[in-house]
Amino acid sequence: MNITHGLRRALQINPTGLATVFGGRRRNWREIGERVSRLAAGIRSLGANPGDRVAILSLNSDRYLELYLATAWAGAVIVPLNIRWSPLENEDAMRDCRAQVLFVDKTFAAIGVSLAKALPGLKLVFADDGDVPAGIESFEALLLRNQPIPDAMRVSADLAGIFYTGGTTGRSKGVMLSHGNLMANAMNALGEGLFPNSSVYLHAAPMFHLANGAAMYSLLLNGGSNVIIQAFTPEGVMAAFQNERVTDVLLVPTMIQMLVDHPALGSYDLSSVKNIIYGASPISEAVLGRAIAALPKVQFTQAYGMTELSPIATILHWNEHIGDSRAKGRHRGAGRATLGCEVRIVDTDDRPLPIGAVGEIAVRGDNVMMGYWERPEETSKAVIDGWMHTGDGGYMDEDGFVYVVDRVKDMIISGGENVYSVEVENAIAQHPAVAQCAVIGIPSERWGEQVHAVVVTRSNTRVSANELIEFSKTLIAGYKCPRSVDISENPLPLSGAGKVLKRELRKPFWDSRERHVS
């Protein structure tokens with residue numbers, strides 16, 4: 001199977017069915033099929049051959065979904081760039097994957113032009129409504145001047161996309177996912193009962209993010225309807241629920257909190273909504289409780305995983321949030337291995353641990369990534385004998401439920417986004433006043449975790465917390481930057497091997513909590 005299988009099926013069995021809704025624009029599957037095959041021809045005309053990389057830097061839109069399909073139809077590899085990254089970070093990703101074409105919208109057109117100047121030979125396409133900036137190819141003109149071409153019919157083992165995630169060495173890594181990886185995950189989700197054929201799914205989470213992509217690929221397989229809003233706002237989500245009779249949505253916990261705490265929640269008709277899937281970071285019991293109380297007719301489902309798993313490893317169904325399962329504390333867990341996945345807990349020597357023992361969560365299945373783009377050493381450390389080592393510490397109970405309690409890797413999850421501490425430390429350390437720094441995650445009611453820095457300054461220098469935060473914003477994405485900084489005159493605590501003891505720095509913030517992640 002490949003990514004375009006669902007489109008070919010929809011064209012056969014449901015050509016007039018509603019495919020996409022974006023603002024006032026509505027298209028059926030026949031229209032999407034025509035546009036995708038023309039866009040694929042356009043991608044080829046720009047010099048992107050099978051296996052070449054095609055990037056996109058854009059807010060959500062119906063054209064974004066068309067590009068996911070058209071890139072695969074052309075046999076090329078899609079690279080969705082992170083809209084929250086700094087221009088330097090995205091330039092690094094573009095250099096790394098050597099993308100030949102970049103699609104941009106109004107928000108990122110100027111950055112696209114800068115990237116094209118920095119990367120000779122890069123072709124730019126404007127994927128938005130309105131006037132096309134000078135020197136950029138028009139998405140619609142590209143469609144009009146190209147005739148439809150047949151599907152390239154990539155096979156399961158072919159590379160489908162490169163999805164960049166934070167790096168433990170300070171540079172982002174490109175996660176290579178095959179057509180087979182993505183389809184295995186989509187089939188697993190459908191097999192779990194997520195996204196029935198009648199689904200009207202709302203793309204509210206960013207479309208570059210594979211949390212939303214997991215739902216998108218499932219919807220593409222079953223021919224469901226895709227309602228798309230440009231970016232998440234509580235009002236935008238509620239309006240889409242009401243106006244388009246949305247049935248399903250994926251939201252990260254921060255979005256759920258903003259939605260259920262919004263004063264206008266009771267002013268909208270939300271009766272169509274059947275299921276809210278949450279994931280990308282753990283949800284606090286308080287936020288989950290408020291959400292269930294505010295939306296009593298909605299079922300909540302947790303999906304736990306990571307980009308390297310395409311991305312789902314475990315599912316916690318609605319019936320495990322309530323009744324006897326709730327009494328057993330199952331609602332605090334991450335669920336059980338999804339169809340097609342095996343999960344185990346291992347020690348530092350990669351030996352399986354007994355029930356209840358805390359170790360690293362490892363996952364095996366057809367959804368495990370091909371590897372990190374051009375990083376074989378890092379791939380071999382992450383995937384051992386087919387098992388993806390997640391970097392999350394957890395345990396499993398006697399019924400196979402997984403509980404995440406800590407992180408093995410030095411990673412923070414803030415608002416659903418991965419932040420690797422070393423990336424932030426590398427940025428802060430460039431400030432001339434900084435002698436030492438360590439970055440940790442601390443609890444945050446709004447973000448789950450927030451980035452916190454502990455800094456030791458050089459002698460005879462002074463710097464404020466705000467100065468360091470603003471300085472880091474010039475180098476890395478805003479969500480990675482510290483939200484709080486402690487400036488100390490004392491050296492950081494070190495192990496006998498000279499390694500910073502981050503657990504000592506984390507203790508005051510986490511010791512009173514049951515688990516050391518939020």
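Visitor: How many aromatic pairs does a search of the whole structure find?

Guide: Six aromatic pairs turn up. Rings of Phe, Tyr and Trp (its six-membered ring) pair if their centres lie within 6.5 Å; planes under 30 degrees apart count as stacked, over 60 as edge-to-face and the rest as tilted. This is a predicted model, where local features need pLDDT of at least 70 and side-chain atom pairs count only at pLDDT 80 or more, while totals for chains, interfaces and linings use all residues. Residues are numbered from 1 along each chain as its sequence is written, and side-chain values use heavy atoms, with hydrogens and water left out.

Visitor: Why is the pair of F103 and F139 classed as it is?

Guide: The ring centres of F103 and F139 are 5.9 Å apart and the planes stand at 70°, so the pair is edge-to-face. F103 belongs to strand β5 (residues 101-104) and F139 to helix α6 (residues 139-144), 36 residues apart, so the pair links distant parts of the chain. Helices (H or I, at least four residues) and strands (E, at least two) are DSSP runs, numbered from the N terminus.

Visitor: Are F103 and F139 buried or exposed?

Guide: Both F103 and F139 are buried. Buried means under 20% relative accessible area, exposed over 50%, and partly exposed in between (1.4 Å probe, protein chains only).

Visitor: And what about F195 and Y201?

Guide: Their ring centres are 5.8 Å apart with planes at 90°, so F195 and Y201 are edge-to-face. F195 is buried at a relative accessible area of 5%, and Y201 is buried at 0%.

Visitor: Which residues form an aromatic cluster?

Guide: Y64, Y68 and Y217 form one.

Visitor: Switching to charges. How many salt bridges does the count come to?

Guide: The count comes to 33, a salt bridge being a side-chain nitrogen of Lys or Arg within 4 Å of a carboxyl oxygen of Asp or Glu. D62 and R25 form one of them, at 2.8 Å, N to O. D62 counts as buried at 1% relative accessibility.

Visitor: Which residues are linked with D62 in a network?

Guide: The salt-bridge network links R25, R27, R35, D62, R63, E66, D129 and E140.

Visitor: What does E89 pair with?

Guide: E89 forms a salt bridge with K480, the closest N and O atoms being 2.7 Å apart. E89 lies in helix α4 (residues 87-97) and K480 in the loop between α15 (465-473) and β27 (484-488), so this pair ties together parts 391 residues apart in sequence. E89 is buried at 10% relative accessible area, and K480 is buried at 1%.

Visitor: OK, now α8. How many of its residues are buried?

Guide: 13 of its 13 residues are buried. Helix α8 (residues 210-222) is followed by G223, whose phi is positive, near 75°.

Visitor: Last topic: what lines the second largest pocket?

Guide: The lining has 31 residues, with I283, S284, E285, R515 and V517 nearest the centre. On a 1 Å grid over the protein atoms alone, a pocket is an open set of points where a 1.4 Å probe fits, with protein on both sides within 12 Å along at least five of seven lines; lining residues have an atom within 4 Å of a point.

Visitor: Which helix gives the largest share of the lining?

Guide: α11 does, with four residues.

Definitions and conventions. The expected span of a helix is 1.5 Å times one less than its number of residues.
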